[in-house]
Amino acid sequence: MDSFEHSQIDYKSLKKVMGKTADFSSLAETCVAFANAQGGEIIIGIEDKDSEPYKDQKVDVEIINKTVLRLRSLTDSVGIVNPEIITHSNGGQYFKFSIFPSSRTIATTSTGRVFVRVTDNSVPVSGEELTNLAAEKNAFQWELVSVAKIKINDADISQVTYFLEQIQNSKLVSDFIKEKSNEEILEHYQLISPEGHLTNLGVIWLGKSSQRARLSYPITVQYIVYNDLEEKIRKKDWHFHLHNPKELLLEIEKEAVELNYSIEIASGLYRKQLRNYPKEVIRELLINAIAHKRFTISGDIFIEVYPDRMVISNPGGLPLGVSANNILHERHRRNPHFIQTLHDLGLMEGEGSGYDLIFEKLVREIKPLPTIESTLNKTSVTIYSGITNKEALEILDYVSNHFSLSQKEYIVLGIVASHKKILSTQLSQKLQLNNEDRLRTWLGNLLDKNVLTSRGIKKGTEYLLNPALFSQSKINIAPSLKTIDKEQLKHLILEYLKYNGERSKQEIHQHIQDVEIDDVQKCLYSLVQEDKLAISGANRNRKYTVIKKINRK
């Protein structure tokens with residue numbers, strides 16, 4: 001059994017509900033947090049760090065009844081269901097129960113406090129975030145509402161046939177679903193209600209253009225191209241009511257020709273074409289903009305193309321609990337049924353936002369990671385065409401031809417290759433990780449395979465490309481002072497000061513520009529501590545000179 005806590009599962013000790021250590025108040029907060037997110041499961045009788053209950057542990061039905069009854073009295077609008085005693089293979093027992101997501105109301109504790117689940121924490125919600133949570137509840141319910149009461153026979157029959165054919169041909173759909181009747185398949189994807197009416201989601205996929213146009217906030221996608229002076233030189237728009245989501249996506253990809261531009265890179269005897277924006281990244285960002293749009297507010301999706309970047313914006317902020325600093329790992333869905341259809345049709349990653357794919361494709365071509373901005377009413381993602389680092393690109397090509405790496409390993413390798421050297425703290429920040437333990441899982445076997453090497457300890461650990469690996473390859477890597485080790489850099493500084501006399505930190509750095517100024521500062525500090533350098537002046541006027549040794553006879 002996997003006891004890893006995440007956004008939809010939590011493990012608690014039996015002590016949490018028994019005896020003097022019982023803490024039903026904090027357990028109620030966890031229930032509220034799950035209800036305000038996407039629901040979840042609480043397992044009681046297994047410690048956080050364990051994978052199984054104690055062998056002699058037994059659970060009485062009375063404990064379950066008492067726990068559920070008490071939690072229901074301490075919460076409001078929280079659905080606590082399916083309590084069950086489980087006997088582990090080791091003979092020990094534990095119990096679990098599920099929390100339904102509260103799709104229409106905001107769940108609270110009996111004292112009126114509101115929480116939401118973010119990763120493996122229950123985070124309090126107040127102020128503007130409370131308004132955001134209320135909007136999310138409406139957005140979640142929007143998919144399933146049948147406002148116009150349109151019968152399936154009044155839908156666009158060609159769209160119904162087309163959707164069912166795609167489902168039957170999809171490799172991502174199980175035989176269990178494919179064997180259902182047509183009506184059961186449409187109900188499974190929440191396109192029709194139990195009464196046989198098209199839901200809002202059903203209108204998007206199966207409705208006629210006139211029916212889509214009557215939705216509260218139909219989508220318009222605006223595509224704008226700018227020149228170097230940021231003047232509009234081309235504009236095109238698509239109205240969602242004219243297309244189902246797949247047709248809309250294909251139309252945009254066909255007409256947005258500027259997104260297909262590429263550059264040619266010389267690589268040895270060959271020349272390589274590289275797109276300004278990887279095709280998979282464009283597809284994922286377009287799908288994200290459509291799939292995660294808040295359909296309960298007005299606003300268009302914008303695709304703005306500048307000479308050096310592309311910006312995609314959509315109405316509504318990021319889902320509650322997701323931010324620009326954790327989007328690589330969070331898996332919150334604003335329109336879960338819409339996302340499920342997009343996934344099963346092979347149009348998106350599905351399980352989350354697809355940012356792991358976006359990160360991988362960008363770093364494989366040594367492009368900057370996306371810049372994400374989110375407010376209550378708008379989310380914007382910027383990606384850059386960038387100036388490709390030919391040397392780093394050749395390194396990734398060499399590694400991909402000689403090693404089998406995971407997606408996480410490629411992301412780490414691409415980041416390290418583009419920086420040449422990076423501190424573990426900086427790498428963790430770029431990967432949106434909050435502790436060193438999680439960084440190890442991203443590094444994978446890169447160190448064991450000698451693709452990367454490390455130096456330093458703890459927070460001072462640096463990762464860099466292993467020069468021994470590439471010395472055996474045909475890659476012509478230009479030498480760089482950026483990866484010079486501390487002792488060599490100290491020696492270089494001493495030699496420079498020995499021949500040039502008193503100099504400031506800035507003057508020293510200007511002489512060895514490839515080295516980061518922070519590294520120069522650390523070496524200067526170390527040399528002063530070792531009594532090898534003397535200091536004159538203070539702060540900005542501080543200068544360093546070599547301490548001459550006095551020969552004693």
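1. Helices here are DSSP runs of at least four residues, numbered from the N terminus. The model is predicted. Helix α11 is followed by Gly-346. The phi of Gly-346 is positive, near 75 degrees.

2. Now α11 itself, which covers residues 336–344. Which of its residues are buried? They are Pro-336, Phe-338, Ile-339, Thr-341, Leu-342 and Asp-344.

3. Next, the partner α10. Two packed helices are described by the angle between their axes and the distance between the axes. The axes of α10 and α11 come within 10 Å and cross at roughly 150 degrees. Angles over 145 degrees count as roughly antiparallel, so α10 is roughly antiparallel to α11. Their crossing is right-handed.

4. What makes this contact? From α10 come Ile-287, Ile-290 and Ala-291. From α11 come Phe-338, Ile-339 and Leu-342. These divide into six nonpolar residues, with no polar and no charged ones. Phe-338, Ile-339 and Leu-342 are also among the buried residues of α11.

5. Helix α10 (residues 279–291) also meets helix α12 (residues 355–364). Their axes come within 9 Å and cross at roughly 155 degrees. The two helices are therefore roughly antiparallel to each other. Here the crossing is left-handed.

6. Which residues of α10 touch α12? They are Glu-280, Val-281, Glu-284, Leu-285 and Asn-288. On the α12 side, the contact uses Tyr-355, Leu-357, Ile-358, Lys-361 and Leu-362. The residues of this contact divide into six nonpolar, one polar and three charged.

Note on methods:
Residues are numbered from 1 along each chain as its sequence is written. This is a predicted model: local features need pLDDT of at least 70, side-chain atom pairs count only at pLDDT 80 or more; totals for chains, interfaces and linings use all residues. Side-chain values use heavy atoms; hydrogens and water are left out. Buried means under 20% relative accessible area, exposed over 50%, partly exposed in between (1.4 Å probe, protein chains only). Axes are lines fitted to C-alpha atoms, for helices over the stretch in contact, and angles run from 0 to 180 degrees between N-to-C directions. Angles under 35 degrees count as roughly parallel, over 145 as roughly antiparallel, 65 to 115 as roughly perpendicular and the rest as oblique. A crossing is left-handed if the near helix is turned anticlockwise from the far one by less than a right angle, and right-handed if clockwise. Contact means heavy atoms within 4.5 Å. Ala, Val, Leu, Ile, Met, Phe, Trp, Tyr, Cys and Pro count as nonpolar, Asp, Glu, Lys and Arg as charged, and the others, Gly among them, as polar.
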